[in-house]
Amino acid sequence: MKLFSYAAGILFCLAAGFAQAGERPADIPEGMGVMPSNVPVPADNPMSAAKVELGKKLYFESALSKSGHFSCNSCHNLGTWGVDNQVTSIGHKWQRGGRNAPTVLNSGFWSKQFWDGRAPLLEDQAKGPPLNPVEMALDSEAAAVARLQNAGYSAEFDAVFGKHSISYDNMAKAIAAFERTLNTPDAPFDLYVQGKGDISKAAKRGMKKVAEIGCTSCHAGPLFTNNQFMPFRYGSDEGLKSVTGKDEDDHVFRVQSWRNVAMTAPYFHNGSAQTLAEAVTIMAKVQLDTRLSKRDVRDIVAFLETLTGVVPTITYPQLPRPAGHALDWRE
Ligand code: HEC
Ligand code: HEC
């Protein structure tokens, strides 16, 4: 019986046209590959299970916003691939910010954070939102720490970072450690590369097309981004120039990854493309001066859909709260 199912398995694989398990199909363009698992970790913020757990609580912690309403998860909802699906995000007092929220999934792999790269590391990035007036709008780092102390976090920080360690910097470190666990392996494309699964004919045509016309000069490697900053002359946002002030950085943005891109609409830094087909068409025109046929667009979208990975299961944490009295959200 065992022998039979083994033989049937082989026959099934042959019939389905799979390469043998472990073997890379020959049609995959050079440079494309399996989603890496070795997220870089800075030397001064080593990972530990306890730190990740604390970071998870802080990620869901609305005490880090002036209104007591917004957490990181409001705009980077882990139930919806780390985004809010808004054109631009809604924050404090229902204000809209100027840019679309990128996903936090796989963000530990990006060379720099934000569309314009203004934060080098996740640790730097996490210090921004609690004090950003259109996001969480707290008045100061001290105000954020006081909120955490009042909620009951002091002992939790001490257990992770040592005695009397509750601080804004350590808050950011814990959040960054949690974010480094939010990686998405095993997309259909990854299984295909490893000879463990197949993707559709349309997706295979799309896979070849993006290499042929040059999308993968920027969306390069297994992460489908070269992690560089490239001009994208589209819309009024100055991108990197708004950080450096240099003319050569005008309309320069970080090349976004294609990992999970099918699940993170709307697209671009200004959220102006509602569909992936539209984003693909605009990219081809603006970046490569290429007009794609309807069929090419469909094929490329089919390929991009094979890059949706498996999101880690997140158990919603119980957050520290003082027993029997309210936290003060009054302004
Ligand atoms: C009100 C909505 C909002 C809240 C709350 C918020 N973010 Fe964001 N986040 C954004 C937007 C919008 C951007 C892009 C801004 C830009 O590039 O200028 C962003 C960018 C990021 C990035 C960069 C990703 C990349 O690909 O470059 C990370 C990481 C991130 N946020 C994590 C967090 C964390 C951690 C928190 C909580 C401490 C948080 N965010 C709170 C809206 C929000
Ligand atoms: C010259 C470099 C370059 C080339 C070539 C290029 N892209 Fe991009 N791509 C970028 C940059 C930079 C961004 C970020 C745009 C922004 O800031 O709004 C991006 C963003 C995208 C997005 C939106 C991602 C998101 O999360 O909003 C998609 C989809 C995309 N590219 C697909 C393609 C396709 C398909 C091709 C080929 C037809 C292509 N790109 C060619 C640089 C490039």
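Residue F114 is buried, because 20 other C-beta atoms lie within 10 Å of its own; a residue counts as buried with 20 or more such neighbours, as exposed with 12 or fewer, and as partly exposed in between, C-beta atoms being placed from the backbone. The model is predicted: local features need a pLDDT of at least 70 and side-chain atom pairs count only at pLDDT 80 or more, while totals for chains, interfaces and linings use all residues. Residues are numbered from 1 along each chain as its sequence is written, and chains are lettered from A and ligands numbered from 1 in the order in which they are written.

The pLDDT is the predictor's confidence in each residue, on a scale from 0 to 100. The chain averages 93, and 93% of the residues score at least 70. Over residues 1-17, by contrast, the pLDDT is below 50, and this stretch has three contacts in the model beyond near neighbours in sequence. Two residues are in contact if their C-beta atoms, placed from the backbone, lie within 7 Å.

F114 is placed in the loop between α3 and α4. Helices (H or I, at least four residues) and strands (E, at least two) are DSSP runs, numbered from the N terminus. The phi angle of F114 is near 85°, a positive value in a residue other than glycine.

N226 lies in the loop between α9 and β1 (229-231) and is partly exposed, because 17 other C-beta atoms lie within 10 Å. N226 and Q194 are 32 residues apart in sequence, with their C-alpha atoms 22 Å apart in space.

The largest nonpolar core comprises 27 residues, and those with the most contacts inside it are L276, A279, V280, I300, L304 and L307. Elements giving two or more residues to this core are α8 (188-193), α9, α11 and α12. A nonpolar core is a set of buried Ala, Val, Leu, Ile, Met, Phe, Trp, Tyr and Cys residues joined through C-beta atoms within 7 Å. A second, separate core of 24 residues includes L64, F70, L148 and V160. Apart from residues up to four places away in sequence, A279 touches Y267, F268 and A273.

Helix α12 (residues 294-305) has twelve residues and reaches 17 Å from its first C-alpha to its last, close to the 16 Å expected at 1.5 Å a residue; the expected span is 1.5 Å times one less than the number of residues. Its buried residues are D296, V297, D299, I300, V301, F303, L304 and E305, and they pack against α9 and α11.

A cis peptide bond, with omega about -5°, joins A265 and P266, the latter in the loop between β2 (252-254) and α11. D289, in the loop between α11 and α12, has a positive phi of about 50° although it is not a glycine. D289 counts as exposed because it has 7 C-beta neighbours inside 10 Å. A326, in the segment after α12, likewise counts as exposed, with 8 C-beta neighbours inside 10 Å. A326 and V87 are separated by 239 residues in sequence and by 35 Å in space, C-alpha to C-alpha.
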